[in-house]
Amino acid sequence: MKILKEEIIFNCAAESLWDILSDVSRCDWVPTIDQMTLEGDCRVFEMEGMGKVKEQILLLDNDAMRLQYSAIETRTPLDHHLATMQISSIDADSCKFLWTTEIEPEIFADAIHQGMLISIDGLKTVSYTHLTL
């Protein structure tokens, strides 16, 4: 199993970033997704290059600012997928964002990692736009 990890400092309050991530139907920060729908505790979307994906929301902890989800349906079956996003406040105007993903088979790790990086760039754009509104 491959474990991917991205950690970045955002120049915004932790609560502002959490407002974006905790809305699990929101996809404006993921450039490869045009629309996301909710089906019970799952979100369903078409992802560029990956086709239809269904992710089960396993944890949405507003107090801890932690989101955990698992891709349970993909075009190519995965043996294991578990992603965790965690936001920690540094001070009133900055926070740490930690995103880890466990993936098996490892052959999909590079594609998943690229998706994480593209999404982080999108999250930066949306979070900074969110601040200026």
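Modeller: Arg43 lies over the face of Tyr69, at 4.7 Å from the ring centre.

Colleague: What makes a charge count as sitting over a ring?

Modeller: The NZ atom of Lys or the CZ atom of Arg must be within 6 Å of the ring centre and within 35 degrees of the ring normal. The 4.7 Å of Arg43 from the ring centre of Tyr69 meets the distance limit, because that limit is 6 Å. As for the source, this is a predicted model: local features need pLDDT of at least 70, side-chain atom pairs count only at pLDDT 80 or more, and totals for chains, interfaces and linings use all residues. Residues are numbered from 1 along each chain as its sequence is written, and side-chain values use heavy atoms, with hydrogens and water left out.

Colleague: How many aromatic pairs does a search of the whole structure find?

Modeller: The search finds three aromatic pairs. One of them joins Phe10 and Phe97, with 5.9 Å centre to centre and 85° between the planes. Phe10 is in strand E1 (residues 2-10) and Phe97 in strand E7, 87 residues apart, so the pair links distant parts of the chain. Strands (E, at least two residues) and helices (H or I, at least four) are DSSP runs numbered from the N terminus.

Colleague: Why is a pair of rings called edge-to-face?

Modeller: Rings of Phe, Tyr and Trp (its six-membered ring) pair if their centres lie within 6.5 Å; planes under 30 degrees apart count as stacked, over 60 as edge-to-face and the rest as tilted. Phe10 and Phe97, at 5.9 Å and 85°, are therefore edge-to-face.

Colleague: How do you know whether Phe10 is buried or exposed?

Modeller: Buried means under 20% relative accessible area, exposed over 50%, and partly exposed in between (1.4 Å probe, protein chains only). Phe10 has 0%, so it is buried. Phe97 also has 0% and is buried.

Colleague: What makes the rings of Trp29 and Trp99 a pair?

Modeller: Their centres are 6.4 Å apart and their planes stand at 65°, so this pair is edge-to-face. Phe10, Trp29, Phe97 and Trp99 form one aromatic cluster.

Colleague: Why is H1 called largely enclosed by the rest of the structure?

Modeller: Six of its eight residues are buried, so H1 gets that description. The buried ones are Ala14, Ser16, Leu17, Trp18, Ile20 and Leu21.

Colleague: How many disulfides does the search of the whole structure find?

Modeller: The search finds zero disulfides. Cys27 is in none, and the nearest cysteine sulfur, that of Cys42, is 16 Å away. A disulfide is counted when two cysteine sulfur atoms are within 2.5 Å, so 16 Å is too far for a bond. Cys27, at 11% relative accessibility, counts as buried, and Cys42 is buried at 6%.

Colleague: What makes a set of grid points a pocket?

Modeller: On a 1 Å grid over the protein atoms alone, a pocket is an open set with protein on both sides within 12 Å along at least five of seven lines, whereas a cavity is a set of points where a 1.4 Å probe fits but cannot get out. Lining residues have an atom within 4 Å of a point. Points are joined across faces, edges and corners, and a volume is the space filled by probe spheres set on them. The largest pocket has a volume of about 460 Å³. Of its 29 lining residues, the closest to the centre are Met47, Glu55, Tyr69, Gly115 and Ser119. H2 gives the most to this lining, with seven residues.
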